[in-house]
Each structure stands twice: as C-alpha cells, then as structure tokens.
Amino acid sequence: MARRGAAVLIAAGLVTPAAAQQRPSTVTMLCSQAAGLVAARGALVLGTGGQTFDRFVRDRSFCEPTEITSRAFVPTRDNPDCFIGYRCKEPGRDFFGDDE
C-alpha cells in the first residue's frame, strides 16, 4: 500500500512541470525571431505581454474554412509594432469596426 501511495505522488510530481510551462512571449524576442517562429511552425499561441496571448498563423490554410485572416502586429523587444503573420477571424462579426 505504501508503494502504491508513493507511486501516485511521484506520478503527480511528473505532471506538475508540464502544467507550469509558459508559452513563448513576443516581448522577449526580436521581431525577426517572432515572425520566423510563426513562419516555421505555421500556427502557434504566443504571449504578447503580461497575461495577454493570441494564436498567430502563417497563412489562411491554418484557419477554419469559414475564417479569413487579418494582419497581426505585436510588440517585440526591438519593435513595438512588429508584423509577425496573421490572426484567423470570422468575417462580418465586427459590428463596431474596432476588431482589427
């Protein structure tokens, strides 16, 4: 019984580091690094400062069939308005013109 309890504690300890992994943040990268990461992976979630994050894609092939792309600009270490790729979004849902 003690061995089983120890095995459970060890297994629980193995799960914790994976849960604590942080996503890459654009504010710690150069603009070319952030854009290169999106281009290389095709689609990924990046932190954009503080607790904010978003999913960025290389092109529309990484979006759902009903989605379109919009240009994505993020803050990086060397450029406060770095173009790194695109975001996927549903067309026609921007009633106030502020979703860009």
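Which cysteine does a disulfide join to Cys63? The partner of Cys63 is Cys88, and the two sulfur atoms of this disulfide lie 2.0 Å apart, S to S. The structure described here is a predicted model, and the report begins with its overall layout before it returns to this bond.

## Overall layout

The protein has two helices and four strands, and their order along the sequence follows the pattern α-α-β-β-β-β. Of its 100 residues, 24% count as buried. The protein exposes about 7100 Å², and carbon and sulfur atoms supply 57% of that area.

## Helix α2 and its two sides

Helix α2 covers residues 31-41, and its buried residues are Cys31, Ala34 and Val38. Seen down the axis of α2, these buried residues fall within an arc of 75 degrees, so they line one face of the helix. The face turned away from this buried side carries the exposed residues Ser32 and Ala40.

What lies over the buried residues of α2? The cover includes the strands β1 (43-49), β2 (52-57) and β4 (82-89). Just after the helix, Gly42 takes a positive phi of about 90 degrees.

## The hairpin of β1 and β2

Strands β1 and β2 pair in the antiparallel sense, and the pairing runs over six bridges. One of the residues that can be followed across this pairing is Ala43, whose bridge partner in β2 is Val57. Two residues stand between the strands of the hairpin, where Gly50 takes a positive phi near 60 degrees.

Strand β2 also contains Asp54, which is partly exposed, with a relative accessible area of 28%. Not counting residues up to four places away in sequence, Asp54 touches Leu44, Val45, Leu46 and Arg87. Between Asp54 and Ala72, which are 18 residues apart in sequence, the distance in space is 9.7 Å, C-alpha to C-alpha.

## The nonpolar core

The largest nonpolar core has 11 residues, namely Met29, Cys31, Ala34, Val38, Leu44, Leu46, Phe56, Ala72, Val74, Cys82 and Ile84. The elements that give two or more residues to this core are α2, β1, β3 and β4, and α2 gives the most, with three residues.

Ile84 shows how residues from several places in the sequence meet. Leaving aside its neighbours within four places in sequence, Ile84 is in contact with Ala34, Ala35, Val38, Leu46, Phe56, Ala72 and Val74.

## Two disulfides

A disulfide is a covalent bond between the sulfur atoms of two cysteines. A search of the whole structure finds two disulfides, and when the bonded cysteines are numbered in sequence order, the pairing is 1-3, 2-4. In one of these bonds, Cys31 and Cys82 have their sulfur atoms 1.9 Å apart, and the link is right-handed, with 80 degrees about the S-S bond. Cys31 lies in helix α2 and Cys82 in strand β4, so the pair ties together parts that are 51 residues apart in sequence. Both Cys31 and Cys82 are buried.

The disulfide of Cys63 and Cys88, with which this report began, has a distance of 2.0 Å from S to S. The torsion about its S-S bond is about -80 degrees, so the disulfide of Cys63 and Cys88 is left-handed. This pair links distant parts of the chain, with Cys63 in the loop between β2 and β3 (68-74) and Cys88 in strand β4, 25 residues apart. Are these two cysteines buried or exposed? Cys63 counts as buried at 11% relative accessibility, and Cys88 is buried with a relative accessible area of 19%, because buried means under 20% relative accessible area.

Methods:
Residues are numbered from 1 along each chain as its sequence is written. This is a predicted model: local features need pLDDT of at least 70, side-chain atom pairs count only at pLDDT 80 or more; totals for chains, interfaces and linings use all residues. Side-chain values use heavy atoms; hydrogens and water are left out. Buried means under 20% relative accessible area, exposed over 50%, partly exposed in between (1.4 Å probe, protein chains only). The arc is that of the directions from the helix axis to the C-beta atoms. Contact means heavy atoms within 4.5 Å. Two strands pair if DSSP finds at least two bridges between them. A disulfide is a pair of cysteine sulfur atoms within 2.5 Å. Accessible areas come from the Shrake-Rupley method with a 1.4 Å probe; for residues, only the protein chains shown count as cover. A nonpolar core is a set of buried Ala, Val, Leu, Ile, Met, Phe, Trp, Tyr and Cys residues joined through side-chain atoms within 4.5 Å.
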